[in-house]
Amino acid sequence: MRAIVVRDFGGRPEPGEVPTPEAGPGQLRIALEAAGVNPYDQKLIEGALKGQVPYDFPFVPGLDGAGTISQIGAGVDGYEIGERVVGKFFVPPLGHGTFAEFIVVPPDTAIAKVPDEITAIQAAALPTAGITALDLVNASGLRAGQTALVVGASGGVGSYLVQLAALTGAEVIATARPDDTDRMIRLGATEVVNYGRVPVTDSPTRPEDTQLSIADSVRMTRAQIDVLFDLVSPPPGFAENLTLVRDGGGAFSTVGSAVEADLQTRGITGGNFVSSGGAAELRDLLRKVGNGDLVVPLDSTPPLDGAAAALGARGARGKTVLVI
Ligand SMILES: NC(=O)c1ccc[n+]([C@@H]2O[C@H](COP(=O)([O-])OP(=O)(O)OC[C@H]3O[C@@H](n4cnc5c(N)ncnc54)[C@H](OP(=O)(O)O)[C@@H]3O)[C@@H](O)[C@H]2O)c1
């Protein structure tokens, strides 16, 4: 079958051929139509779990995928050939991922049936980023009347998180480069803080700056926020953004930047967050997309052979999905 293959840790992903997998007992085979791209795919290629989880080479990347059931192994109930499904497939040994025509998975993984009104491309854009965003909102207890700041709002997780946070009735401040401001408002942000080099004329704290920090920009309109969702900042940036959070509020880093003792001394919940949601959260997201509460934020949909350019790319404006 056609697949994207990586020959060794840190290697360049390239189109190749690997044997088509067969569904053994207790397994499902999915004929993939679309595969969502996540930053973690590139991190895994670079060896993020080397020594902790077995890897097979040539390594086929990809955690998220959608398609149809093409083979059902002995002992698997509840599925039919041709049924449309989507999933987040973290199945060791790693290296048998979704950037391929077929994948074999156990049915107790994060898998869900796809309603007719949702395309395979939309479905493949949901799992990792959508589940993470939903897990973050659920963990924070965010509610109407509160204010949340989403740092890194333009990307995959952020484009879902802005919408899901707004659905709680909370006010959402989103960071975005100036060209992405309108999209953030359409997704439900009440306010957008631009980052990068933006002209500054009225900074209260640093009038000489031409590049205002996110925290300074937020302080121009309010003294405090209730919840910080920081999807991108390294530790110093997270610590600065944390100064916005009220004592007893919530603050979450998806990139391991929180110093948890600093949160505890101020009664702030959260810290370094690892998404653990699965099939139930995926079904919830599919329901929300189906009833129009959640928009699937698609950035680009290159063909499978475009994986090398998509992996590790910067400047995400929602999700990139490979079309198989
Ligand atoms: N812990 C977990 O369970 C978990 C789960 C999912 C994801 N993650 C991690 O969370 C991070 C975000 O994931 P993602 O899928 O949303 O990534 P993504 O799609 O690549 O989005 C990242 C976004 O952040 C923006 N950005 C970069 N630097 C920024 C800054 N200094 N200030 C504001 N925005 C900035 C980028 O736009 P520009 O390039 O234009 O700035 C891009 O739009 C990744 O590191 C991922 O690995 C962790």
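**Ligand contacts, domains and core**

Colleague: What lies 2.8 Å from an oxygen atom of the ligand at G156?

Modeller: A backbone N or O atom of G156. That is a polar contact, meaning a pair of N or O atoms within 3.5 Å. This is a predicted model, where local features need pLDDT of at least 70 and side-chain atom pairs count only at pLDDT 80 or more, while totals for chains, interfaces and linings use all residues. Residues are numbered from 1 along each chain as its sequence is written, and side-chain values use heavy atoms, with hydrogens and water left out.

Colleague: And which atoms of R177 and F273 are involved?

Modeller: R177 places a polar side-chain atom 2.8 Å from an oxygen atom of the ligand. For F273, a backbone N or O atom is 2.8 Å from a nitrogen atom of the ligand.

Colleague: How much of the ligand does the protein cover?

Modeller: 79% of the 920 Å² of accessible area that the ligand has on its own (Shrake-Rupley method, 1.4 Å probe). The elements giving two or more residues to the shell around the ligand are α1 (39-45) and α4. Helices (H or I, at least four residues) and strands (E, at least two) are DSSP runs, numbered from the N terminus.

Colleague: Different topic. How is the chain divided?

Modeller: Into domain 1 (2-126 + 296-323) and domain 2 (129-272), with bounds from an automatic or database domain assignment. Their centres, taken over C-alpha atoms, are 30 Å apart. In contact (heavy atoms within 4.5 Å) are 10 residues of domain 1 and 13 residues of domain 2.

Colleague: Which residues touch the most other members of the largest nonpolar core?

Modeller: Y160, V162, M184 and F229, out of 46 residues. Such a core is a set of buried Ala, Val, Leu, Ile, Met, Phe, Trp, Tyr and Cys residues joined through side-chain atoms within 4.5 Å; buried means under 20% relative accessible area, with a 1.4 Å probe and protein chains only.

Colleague: Which element gives the most to this core?

Modeller: α3, with 6 residues. The core draws at least three residues from each of domain 1 and domain 2.

Colleague: What does F229 touch?

Modeller: Leaving aside residues up to four places away in sequence, its partners include L136, V137, L142, L161 and F252. Another core, of 24 residues, lies apart from that one, with I4, Y55, V60 and A310 among them.

Key: Buried < 20%, exposed > 50% of the residue type's maximum accessible area, 1.4 Å probe, protein only. Polar contact = N/O pair within 3.5 Å; in protein donor to acceptor, adjacent residues only side chain to side chain.
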